[in-house]
Amino acid sequence: MSDGEGAPGNDGSQFDRLPATAAEREVEGRATRAEVLDWWETRFGVPPETFADHTFWEKGKGKLWAFAGDLPSPQEREGVGMTVLRTRQEHWKPTTTAVRKWGHLATTNVIELSPGEATAFAAGHDQDLPEWDGDWGYLIATHDLAGEQVPIGVGLYLYDELRSVVPKGYQEELPDLGE
Amino acid sequence: MNDDDGVLDRYVPLVDDEAAFRAACDRPLPSVVRVNTLAADAERVARAFDAEGTGYERADWHDGLFRMADRSPGTTWPYAHGWVHGQEEVSCLPAMALDPDPGSRVWDTCAAPGSKTTQLAALMDDSGVLVGNDTSLGRLSALRHNAERLGVTNLVVDQQDARNYSLNGFGFDEFDATLVDAPCSCEGTVRKNPDTLEKWTLDHVHEVAGIQKGILRRAVQATRPGGTVVYSTCTFAPEENEAVLDHVLREEDCEVVDWDCPLESVPGVTEWEGESYDEQVTRATRVYPHHNDTGGFFLAKLEVGGTPDDAAGGDAEVGA
């Protein structure tokens, strides 16, 4: 059964566990656990063992969730764990909440913002940042808080500009720690 | 006649200091946040509040509670990072009483919007299976948002009527611990929502008491022998508190057990308006607003009776 939200075979009304590898994939276009682990490691340097105790699930079109344990699949529930990744598009996009939970483990594609930049980013503002010489695409934006770099959320870096993709519900006018 | 339309008059015979009780109910509550230990510890939160100049006072009875001096906590960096969550002090008691083990199976019967659910997740160290159930899709969306904001990954969000909750599909058939933070007449929240008592009716008290009895009975049934059920409300009404316990003690195999309340409190009452209740309800806890300058609260910890049924297999294999 499909409600039309997902690709053929992907029932948008339920949570399906991701197959371990491509060889075990039954639903067309569905990401595998191996691909998800590889993506976090390749894009951000987050080690695969970070997710050793988590299972990954798809609900709807490419919305992936991580659950801290094991459950029978499928699950007809309103939520199974936490949203972590958006797949089934050219560039996979991590969620703000996943970046806030695991972003401190990232070693690549992390952009450290100044106090003023961090405040603007958290409020959802795009900003010109021509000094970034790393990859374009989705980055983890961090700032210094009480002596440690802390991930704020997901940025999209394109054409010398850092776009804040912090969802509206998470945008806040926060103190400028440089003042 | 008081500002509360006389509702609080009925509880005067129960309180030790009427003047202090009424005065406390008239004062607004401070804004309080609880540290989300899945993301940061209390010292890190304190350092961050200090760095941005946010004023606070630490609660002396709980390391992870900060009373905010001025600003709304939503406009602070620790809040934006999911290190803290707005939660009234007294509402931290149920999860502390349930005290779930990491890796265990826990059911939060009336979970939305999720302050206590996310506190349970933190006590479980984000491991095991935490089922957060509620009947309203709108409230469930608030629960999901709060759980995501705080980085909870061991939560299954479910929409069922808790009174006949089904565990179908989980691969196990009983919980280790269950929280019934029941829908109630909310008299204890008058300091936060002064209009609560304007809408108060005795009919509503009796109506929610019926729902509370149904949910608590199902909670005991769905929890393994030897497991723990915590029942809590934010109301003073014995009809919704001791009477509900009295009912479930008669109908299900369980007992009220002692627990060590970290706040000043008094025992549950065995007599109310011509009714008398099982002696065990004196092991329940009543917290009045003037005791600790908080909201009002009721809480009881129950142990489920019976013997483990090995055939049912509390550790049933789950599918791949």
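**Ground rules.** I am working with a predicted model, where local features need pLDDT of at least 70, side-chain atom pairs count only at pLDDT 80 or more, and totals for chains, interfaces and linings use all residues. Residues are numbered from 1 along each chain as its sequence is written, chains are lettered from A and ligands numbered from 1 in the order in which they are written, and side-chain values use heavy atoms, with hydrogens and water left out.

**Entry 1: the domains of chain B.** I looked up how chain B is divided, and found domain 1 (7-16 + 89-306) and domain 2 (30-87). These bounds come from an automatic or database domain assignment. The contact between them (heavy atoms within 4.5 Å) takes 20 residues from domain 1 of chain B and 16 residues from domain 2 of chain B. Taken over C-alpha atoms, the centres of the two domains are 25 Å apart.

Next I checked the buried area, meaning the accessible area (1.4 Å probe) that two parts lose on being put together, summed over both. Domain 1 and domain 2 of chain B bury about 1500 Å² between them, with 56% of it on carbon and sulfur atoms. Which three residues supply more than any other three of the area that domain 1 of chain B buries against domain 2 of chain B? They are Glu89(B), Arg149(B) and Leu150(B), with 44%.

Entry 2: I searched for salt bridges (a side-chain nitrogen of Lys or Arg within 4 Å of a carboxyl oxygen of Asp or Glu). The rule finds 1 across the interface of the two domains of chain B. I also noted that Arg67(B) forms a salt bridge with Glu89(B), and their closest N and O atoms are 2.4 Å apart.

Then I looked for polar contacts: pairs of N or O atoms within 3.5 Å where, within protein, one must be able to donate a hydrogen and the other to accept it, and residues adjacent in sequence count only if both atoms are side-chain atoms. Across the interface of domain 1 and domain 2 of chain B there are 12 residue pairs of this kind, both residues at pLDDT 80 or more. On the side of domain 1 of chain B that touches domain 2, the elements giving two or more residues are helix 4 (93-98), helix 5 (115-123) and helix 6 (137-149) of chain B. Helix 5 of chain B brings the largest share of that side, 6 residues. Helices (H or I, at least four residues) and strands (E, at least two) are DSSP runs, numbered from the N terminus.

**Entry 3: helix 8 of chain B.** Is helix 8 of chain B mostly covered or mostly uncovered? Helix 8 (residues 242-251) is mostly covered, as 8 of its 10 residues are buried. My cut-offs are under 20% relative accessible area for buried, over 50% for exposed and partly exposed in between (1.4 Å probe, protein chains only). What covers the buried residues of helix 8 includes helix 7 (202-221) and strand 9 (223-233) of chain B.

**Entry 4: buried residues.** Asp126(B) lies in the loop between helix 5 and strand 6 (129-133) of chain B and is buried at 10% relative accessible area. A polar atom of the Asp126(B) side chain lies 2.9 Å from the backbone nitrogen of Asn154(B). Leaving aside neighbours within four places in sequence, the contacts of Asp126(B) include Ala68(A) and Lys101(A).

Arg286(B), in strand 14 of chain B, counts as buried at 2% relative accessibility. The Arg286(B) side chain reaches the backbone oxygen of Phe236(B) at 3.0 Å.

Over in chain A, Phe121(A) lies in helix 3 (residues 115-122) and is buried, with a relative accessible area of 0%.

Entry 5: Most residues other than glycine have a negative phi, and most peptide bonds are trans. I noted a cis peptide bond, omega about 0 degrees, between Ser73(A) and Pro74(A). Another cis bond joins Ala112(B) and Pro113(B), with omega about 0 degrees.

Arg88(A) has a positive phi of about 60 degrees and is partly exposed at 23% relative accessible area. Tyr159(A) has a positive phi near 50 degrees and is exposed at 64%.
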